[in-house]
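Dear colleague,

I am handing over the structure that we spoke about, and my notes on it follow below. Please look at the sequence and the model first, and then read on.

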Amino acid sequence: MSRFVNPFTDLGFKVIFGQPASKGLLITLLNELLAGEHHIEDLCFLDKEDHADNVHDKGIIYDLYCRTDSGEYIIVEMQNRWHSHFLDRTLYYVCRAVGRLTELPPPDTIKIPVEKDTDGMVCESSVPYGSRYRLSTVYGIFLMNFKEDGLDKKFRTDIVLADKDTGRVVNPHLRQIYLQFPYFNKELAECETLYEKLMYALKNMNDWNRMPDALKEQVFKYLDQLAAVANLSEENRIAYDKAVDRYRVSRIVEEDIRREATEEGREKGREEERLSNALKMKAKGLDYETISDITGLSIQEIEKLGIDDRRDEGKL
């Protein structure tokens, strides 16, 4: 058993980033991710559940949802295993949060003064129509313990709303950051920045019996205390053991699925090669029995080869 909780389990993620005691660690992580773009002094945790608007909508439960002291909204999601349409789901999560911003008062709420017209009727003073659509920035940060085919084969992918030709950011208020941890391959000695050290720790800490001496920054001393399995309450320890069991099962299932997919791909490749070879032999005039002996295809399969292609070309 590792000394530290696994951050890719539900409870491990909550212990490290999702409780009041871990707010400082979360702020450090976010500031490292947003270095040069934004700096957070403080934040507050918001209700993680985005309630449904109607009976047909099940709503959303974020892993973490918070608001910074300067009014930005941040969604942090930990995803342990691949599932279909993952990128669509994450976009929906961010867009849902953006859509809700028009229902919330902005940090510097615009107060509409009330006046009386010449007839003594109460009326609202004119305010620019667009003011009600002024948005705060919404960040979606997704920690992924798997490789997503829809993303480039690299650790970090940053998504912005930008001009396709120039790359200039057109609207800064929707941001997504994807972190594919299987692609983070640096050793500790190669990690030069606090950002890299944090990523290294998150990926590897579940295998440690002690915090490495090279991680001397104060944040890792705090992580040492916060993430120690021995420091969990009895209730959290029971919940964590169950979370670890679910994590192990999910990894086994994922490995089985990938293994089956790989084998299916190989078998499909072998089948395509057999059909291609048989078609070439057929074109050279070899008799069907000989082709069948070489490729293992049946006479009926060989007879059908090329028919669909000729039909598509209008030859039949």
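**What was found**

Of the contacts in the protein with a separation of 6 or more, 59% are between residues 24 or more positions apart, where contact means heavy atoms within 4.5 Å. This is a predicted model, in which local features need pLDDT of at least 70 and side-chain atom pairs count only at pLDDT 80 or more, while totals for chains, interfaces and linings use all residues. Residues are numbered from 1 along each chain as its sequence is written, and side-chain values use heavy atoms, with hydrogens and water left out.

The protein has nine helices and ten strands, which are DSSP runs numbered from the N terminus (helices H or I, at least four residues; strands E, at least two). Buried residues make up 37% of its 316 residues; buried means under 20% relative accessible area, exposed over 50%, and partly exposed in between, with a 1.4 Å probe and protein chains only.

**Helices H4 and H5**

Two packed helices are described by the angle between their axes and the distance between the axes. Helix H4 (residues 194-204) and helix H5 (residues 218-226) pack at an angle of about 20°, with their axes 11 Å apart, the axes being lines fitted to C-alpha atoms, for helices over the stretch in contact, and the angles running from 0 to 180 degrees between N-to-C directions. H4 is therefore roughly parallel to H5, since angles under 35 degrees count as roughly parallel, over 145 as roughly antiparallel, 65 to 115 as roughly perpendicular and the rest as oblique. The crossing of these two helices, H4 and H5, is right-handed; a crossing is left-handed if the near helix is turned anticlockwise from the far one by less than a right angle, and right-handed if clockwise.

On the H4 side the contact is made by Leu-194, Lys-197, Leu-198 and Ala-201, and on the H5 side by Val-219, Phe-220 and Leu-223. By class, this contact of H4 with H5 has six nonpolar residues, no polar ones and one charged, where Ala, Val, Leu, Ile, Met, Phe, Trp, Tyr, Cys and Pro count as nonpolar, Asp, Glu, Lys and Arg as charged, and the others, Gly among them, as polar.

Lys-197, which has its place in helix H4, is buried, with a relative accessible area of 13%. The side chains of Lys-197 and Glu-217 are joined by a polar contact of 2.9 Å, a polar contact being a pair of N or O atoms within 3.5 Å, of which, within protein, one must be able to donate a hydrogen and the other to accept it, and residues adjacent in sequence count only if both atoms are side-chain atoms. Leaving aside neighbours within four places in sequence, Lys-197 is in contact with Cys-191, Glu-192, Ala-214, Leu-215, Glu-217 and Phe-220.

In H5, the buried residues are Val-219, Phe-220, Leu-223, Asp-224 and Leu-226, and what covers them includes helix H1 (10-17), helix H2 (23-33) and H4.

**Helix H2 and its surroundings**

H2 and H4 pack at an angle of about 125°, with their axes 9 Å apart, which makes H2 oblique to H4. H2 passes H4 in a left-handed crossing. Thr-28, Leu-29, Glu-32 and Leu-33 of H2 make the contact with Leu-194, Tyr-195, Leu-198, Met-199 and Leu-202 of H4, and the residues of this contact divide into seven nonpolar, one polar and one charged.

Leu-30 also has its place in helix H2 and, at 0% relative accessibility, counts as buried. Not counting residues up to four places away in sequence, Leu-30 touches Ile-40, Leu-43, Ile-74, Val-76 and Ile-141. Leu-30 and Tyr-195 are 165 residues apart in sequence and 9.5 Å apart in space, C-alpha to C-alpha. Asn-31, likewise found in helix H2, counts as buried at 11% relative accessibility.

**Two further residues**

Phe-17 lies in helix H1 and is buried, with a relative accessible area of 3%. Beyond the residues up to four places away in sequence, Phe-17 touches Ser-22, Leu-25, Leu-26, Leu-29, Phe-45, Leu-64 and Leu-202.

His-85 lies in the loop between strand E5 (73-79) and helix H3 (86-100) and, at 60% relative accessibility, counts as exposed. The phi of His-85 is near 60°, a positive value in a residue other than glycine.
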